[in-house]
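Colleague: Hi! I'm new to this one, could you walk me through it?
Modeller: Happy to, let's bring it up.

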Amino acid sequence: MPKVITLPGDGIGPEITAAAAQVLREVAPDVTLEEHALGGGAYDVYGDPFPQRTRDALSEADAVLLGTVGGAQDSPWNKLPRPQRPESGLLALRKALGCYANLRPVRVQPGLEHLSPLKPELARGVDILIVRELLGGIYFDQDRKIEGDAAYNTMRYTTPEVERVARVAFWAAEQRRGRVTSVDKANVLEVSELWRRDVQALRDRSYRGIHLNHEYVDSVAMLIVSNPSRYDVILTENLFGDILSDLAAVIPGSLGVMPSASLGDGAGLFEPIHGSAPDIAGQGVANPAAAILSAAMLLRHGLKRPDAANQVDRAVAFALRSHPTRDLGGQADTGTFTRAVLEALDTSP
Ligand code: ATP
Ligand code: MG
């Protein structure tokens, strides 16, 4: 029986994770859910934002469903030494899982086009998946130094690093519209030349059904906001992906509907991209859509159950139209929205 560890965390995390767990129980009743502590609440109880018992539980997990961690700006947690702060628990968790691919869908949900800063005709139908390399590149390479009035960092990739993240992108594209755009700066960077060569070679070897093209990062930055519908899956290295994914995250116009997944060789981590929203925590009004959509990604990528994932995606799209939450200009609270999702699960084919 598959086992999913839930880490509700702080702020609105427990409310939205409870909603997502309810949906998971409904569509995957054979899956065991086991709750553990992470973040500020974990520090309060165990004196550690990533307690040993949480760490131990990961080894038996098939996937991890995370809520949100951290408190308000004036929270006492922020006066702790850095390693004891909630965010350090999250960083330590990510490190322990060793996920090398970060997946961020950027989707304008039908009926929510008016929230997007883009013109409705540009926003309509946007459905992009950004696959970002997460463990390599310029952020992590140890060949780095600042000395006097000179400094440098190094963007380095190896073929195995490129291939493992490219496989994730190709696999995801097979389940979508079959197109991958690989991002690089191959006109000026040797590391991009290798990236482009290896991604193309892998496509030619193992993913002949995928349509692959290569675009420069500066061009993608323009086109992702001026013509976002041209993209299906975007594959990118770490630094370019960091910038492009935050840029693209603005397109839907609402944080409350954006899930993410981080995948490695072990258990994957599935979480909303928004923060702990301390301003509305505990009021039962948070939008659980991002958490529920993260559970759908868990079904798709963590447990390899695409049918159940599609069922949840459809039910959320329906509930967003019928029962929008307050952050979307509607009236529904967390419970009402979640019930609407559960009902839509039953009725959708
Ligand atoms: P971080 O915790 O990463 O620093 P942040 O403080 O920048 O994040 P959030 O905590 O995501 O941002 O909150 C930003 C605003 O969006 C807040 O007003 C918050 O209430 C609102 N918000 C975020 N997520 C949700 C949600 N799921 N439902 C309703 N409102 C939300
Ligand atoms: Mg915050």
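**A first look around**

Modeller: One thing to know at the start is that this is a predicted model. Around ligand 1 there are 14 residues, and Gly256, His274, Gly275, Ala277 and Asn287 come nearest.

Colleague: And by class, what is in the shell around ligand 1?
Modeller: That shell has 6 nonpolar, 6 polar and 2 charged residues.

Colleague: Okay, new topic. In what order do the strands of the sheet run?
Modeller: The sheet is open, has 10 strands with mixed pairing, and runs β2-β1-β3-β12-β11-β4-β5-β10-β8-β9. β2 (32-35) and β9 (211-216) each have a single partner strand, so they stand at the edges with one side left without a neighbour in the sheet. From one strand to the next, the twist averages 20°.

Colleague: How do β1 and β2 pair, parallel or antiparallel?
Modeller: Parallel: β1 (residues 3-9) and β2 share 4 bridges. Val4, for instance, has Leu33 in β2 as its bridge partner.

Colleague: Which strands does helix α10 touch?
Modeller: Helix α10 (residues 289-302) packs on the sheet and touches β1, β3 (63-68), β4 (101-107), β11 (259-263) and β12 (268-272). The direction of α10 makes about 160° with that of β12.

Colleague: Nice. What about the largest nonpolar core, how many residues does it have?
Modeller: It has 99 residues, and Val131, Ala169, Ile292 and Ala295 have the most contacts inside it. Helix α10 gives the largest share of this core, 10 residues.

Colleague: What does Ala295 touch, then?
Modeller: Leaving out residues up to four places away in sequence, Ala295 touches Ala20, Val23, Leu24, Leu65, Phe270 and Val312.

Methods
Residues are numbered from 1 along each chain as its sequence is written. Chains are lettered from A and ligands numbered from 1 in the order in which they are written. This is a predicted model: local features need pLDDT of at least 70, side-chain atom pairs count only at pLDDT 80 or more; totals for chains, interfaces and linings use all residues. A residue is near a molecule or strand if its C-beta atom, placed from the backbone, lies within 6 Å of it. Ala, Val, Leu, Ile, Met, Phe, Trp, Tyr, Cys and Pro count as nonpolar, Asp, Glu, Lys and Arg as charged, and the others, Gly among them, as polar. Two strands pair if DSSP finds at least two bridges between them. Helices (H or I, at least four residues) and strands (E, at least two) are DSSP runs, numbered from the N terminus. Axes are lines fitted to C-alpha atoms, for helices over the stretch in contact, and angles run from 0 to 180 degrees between N-to-C directions. Two residues are in contact if their C-beta atoms, placed from the backbone, lie within 7 Å. A nonpolar core is a set of buried Ala, Val, Leu, Ile, Met, Phe, Trp, Tyr and Cys residues joined through C-beta atoms within 7 Å. A residue is buried if 20 or more other C-beta atoms lie within 10 Å of its own, exposed if 12 or fewer, and partly exposed in between; C-beta atoms are placed from the backbone.
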